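Hello,

Here is the structure I promised to hand over. Please have a look, then read my notes below.

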Amino acid sequence: MSYKPKAMQLRFIYCAVMCGVLCTSVNAAVTIKRQPPTVEQKTFDPADPPKEMPHLNSGEAAVTESAFQCGVSTTYRVVERHPQDGKCESVLKIDGMELTLQLRITIWLPNNAPQKLADHEE
């Protein structure tokens, strides 16, 4: 099994990490909540796989999909406002940040998969 993160996921993770670094450099409270991973098994008909299932490459009989999720919430206050030409720039003080991390795993097995294949995907 191989996992290639999507560019959008990498950008999001980078932003979350950078926000955490910035918060710690200005003494903001950073809380990281790690949810337990969830694992779901689904079966499919190899002759008619469901549309939501990831594509099987040549020689593959099953696939395991991993989805990393990172939710971010912040608490902040406005410390300065600079109205100008119908626009307004503001300076915010970040008081806290909470990151919630979760891993969702979906194992796609063909109907009546041999135990060896199920063990491999697990």
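Start with aspartate 95. Aspartate 95 is partly exposed, at 30% relative accessible area (buried means under 20%, exposed over 50%, partly exposed in between, with a 1.4 Å probe and protein chains only). Its side chain meets that of arginine 77 in a salt bridge, 3.2 Å from N to O (a side-chain nitrogen of Lys or Arg within 4 Å of a carboxyl oxygen of Asp or Glu). This pair links distant parts of the chain: arginine 77 sits in strand E3 (residues 63-84) and aspartate 95 in strand E4, 18 residues apart. Strands (E, at least two residues) and helices (H or I, at least four) are DSSP runs, numbered from the N terminus. Arginine 77 is partly exposed too, at 42%.

A word on the source: this is a predicted model, where local features need pLDDT of at least 70, side-chain atom pairs count only at pLDDT 80 or more, and totals for chains, interfaces and linings use all residues. Residues are numbered from 1 along each chain as its sequence is written, and side-chain values use heavy atoms, leaving out hydrogens and water.

The count comes to two salt bridges. Lysine 33 pairs with glutamate 98, with the closest N and O atoms 3.5 Å apart. Lysine 33 lies in strand E1 (residues 29-34) and glutamate 98 in strand E4, so the pair ties together parts 65 residues apart in sequence. Lysine 33 is partly exposed, at 39%. Glutamate 98 is partly exposed, at 27%.

Now the cysteines. Cysteine 70 is buried at 15%. Cysteine 88 is partly exposed at 45%.

Best wishes
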